[in-house]
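Colleague: Before I rely on any of the labels attached to this model, I would like to hear how each of them was reached.

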Amino acid sequence: MRVDIEEAEGKLSELIGKVVFGGENQVIITKHGNPVARITDYYNPPRGVKVGIAKGMFTAPSLEELDSVNDEIAEMFGVK
């Protein structure tokens, strides 16, 4: 939800209530259309990028493939 700062000044309590109790994840306060502040629930902040967002976009190497390069990696780090 986006609200211009002029409108937000008169409705701050209402906007906070929407975030805490009304199901809004956050309220973005804008000035001349540009975001300047965000109201979020202190105890339940908005979530970032979800784990698994790249699912199906690449194939992870098998354990055998990883094990086959252990010595090479150790040499790169100077531990072998």
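Modeller: Two strands are said to pair if DSSP finds at least two bridges between them, strands themselves being DSSP runs of E with at least two residues and helices runs of H or I with at least four, numbered from the N terminus. This is a predicted model, in which local features need pLDDT of at least 70 and side-chain atom pairs count only at pLDDT 80 or more, while totals for chains, interfaces and linings use all residues. Residues are numbered from 1 along each chain as its sequence is written, and side-chain values use heavy atoms, with hydrogens and water left out.

Colleague: What makes β1 and β3 the edge strands?

Modeller: The three strands form an open sheet in the order β1-β2-β3, with mixed pairing, and β1 (2-4) and β3 each pair on one side only. From one strand to the next the twist averages 30°. Helix α2 (residues 12-20) packs on this sheet and touches β1, β2 and β3, where contact means heavy atoms within 4.5 Å. The direction of α2 makes about 60° with that of β3, the axes being lines fitted to C-alpha atoms, for helices over the stretch in contact, and the angles running from 0 to 180 degrees between N-to-C directions.

Colleague: Why is H32 called exposed?

Modeller: Exposed means over 50% relative accessible area, buried under 20% and partly exposed in between, with a 1.4 Å probe and protein chains only; H32 has 72%, so it counts as exposed. H32 lies in the loop between β2 (26-31) and β3 (34-40), and has a positive phi of about 55° although it is not a glycine.

Colleague: Why is the protein described as more spread out than a compact globule?

Modeller: The protein has four helices and three strands. Its radius of gyration is 24 Å, well over the 12 Å that the globule rule gives for 80 residues, so the protein is more spread out than a compact globule. That radius is taken over C-alpha atoms, and the rule is 2.2 Å times the number of residues to the power 0.38. Along its principal axes the C-alpha trace spans about 65 × 25 × 25 Å, and 14% of the 80 residues count as buried.
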